[in-house]
Amino acid sequence: MTLDADRTEALKYMTVSRETVSRFDIYVDLLQRWQKVKNLVAPSTLSQIWTRHIADSAQLLPHLGHARTIVDLGSGAGFPGLVIAIAGIGMPGLHVHLVESNGRKASFLREVARATGAPATIHPMRIEDFTAKWDGKADLVTARALASLLDLMELSAELLKTGTRALFLKGQDVGAELTEATKYWSMRTELIPSLTDSAGQIVSITAATRRTGGS
């Protein structure tokens, strides 16, 4: 599939403005240029940037609710956090904090945010360092292809203490990961089928508290 065909396919899954699509075009162009020297995403996914990365991330948009301060953990090349920020341009009060310890990827995120005008702040640090220093109130935590669900809960524990919601994009092993995570965490979860991956799920988490005696 050509990149143009992939773009056409991806847009079937997204309800966004023409202006937002134009900003995604800028994002994809920059990713292709930086990829030549920075290796931002798996090379095997380059011809499917739109469906594998942009549309996959954008499917979180209908589930944001009233969230305006969003923390994206392990942002990598910006999925899903930077996609949300770009799509959220013009949404009053929306701001996405992108946490990425890899210096090259953090530089890329900063350049895309500048070029698109996305309401995003890049934090070039480890997740543990960010959560230890964060003194704000996050409405929502997001992550994609970062770690197991239990590890994600542990990484975001400081944020979840204040009642923050979480949206995690997960693959086919989500059932086993949920079983393991609920040994240590009490939480309300909803599994939302992925629009772009027949085996994938969006895990929506609310009211998360660590179980007594949990690790």
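Which residue stands opposite S204 in β7?

Mentor: E190 stands opposite S204 in β7. First, some ground rules. This is a predicted model, in which local features need pLDDT of at least 70 and side-chain atom pairs count only at pLDDT 80 or more, while totals for chains, interfaces and linings use all residues. Residues are numbered from 1 along each chain as its sequence is written, and side-chain values use heavy atoms, with hydrogens and water left out.

Now the strand. Eight bridges join β6 (residues 185–193) to β7, and the two run antiparallel. Helices (H or I, at least four residues) and strands (E, at least two) are DSSP runs, numbered from the N terminus. Two strands pair if DSSP finds at least two bridges between them.

S204 has another partner. In β7, L167 has S204 as its bridge partner. Strand β5 (residues 165–170) is joined to β7 (residues 201–210) by five bridges, again antiparallel. L167 also leads onward: it is the β5 bridge partner of T142. Five bridges join β4 (residues 140–144) to β5, and here the strands run parallel. Strands of a sheet pair through backbone hydrogen bonds, either parallel or antiparallel.

Step back to the whole sheet. Seven strands form an open sheet in the order β3-β2-β1-β4-β5-β7-β6, with mixed pairing. Its edge strands are β3 (120–123) and β6, each pairing on one side only. Neighbouring strands are turned by 20° against each other on average, direction ignored.

Most residues other than glycine have a negative phi, and most peptide bonds are trans. A207 counts as partly exposed, at 39% relative accessibility. Buried means under 20% relative accessible area, exposed over 50%, and partly exposed in between (1.4 Å probe, protein chains only).

Helix α3 (49–58) lies across β4 and β5, running at about 160° to β4. Helix α9 (residues 174–181) also packs on the sheet, touching β5, β6 and β7, and its direction makes about 165° with that of β6. Axes are lines fitted to C-alpha atoms, for helices over the stretch in contact, and angles run from 0 to 180 degrees between N-to-C directions. Contact means heavy atoms within 4.5 Å.

Look inside α3. H53 is found there. At 8% relative accessibility, H53 counts as buried. Leaving aside neighbours within four places in sequence, H53 is in contact with V41, T45, Q48, F79 and R144. With R144 there is a polar contact, side chain to side chain, at 3.3 Å. A polar contact is a pair of N or O atoms within 3.5 Å; within protein, one must be able to donate a hydrogen and the other to accept it, and residues adjacent in sequence count only if both atoms are side-chain atoms.

A145 is in the loop between β4 and α7 (149–155). It is exposed, with a relative accessible area of 75%. Its phi is positive too, near 50°.

The peptide bond from F79 to P80 is cis, with omega near 5°. P80 lies in the loop between β1 and α4. G78 lies in the loop between β1 (69–73) and α4 as well. G78 is buried, with a relative accessible area of 0%. It touches Y27, V83 and L109, not counting residues up to four places away in sequence.

Y27 belongs to the buried residues of α2, among them F24, L31 and W34. What covers the buried residues of α2 includes α1 (3–11), α3, α4 (81–87) and α5 (103–116).

Finally, the whole chain. It has nine helices and seven strands. Its radius of gyration is 17 Å, close to the 17 Å that the globule rule gives for 215 residues, so it is as compact as a globular protein of that length. The radius is taken over C-alpha atoms, and the rule is 2.2 Å times the number of residues to the power 0.38. Of the 215 residues, 47% count as buried.
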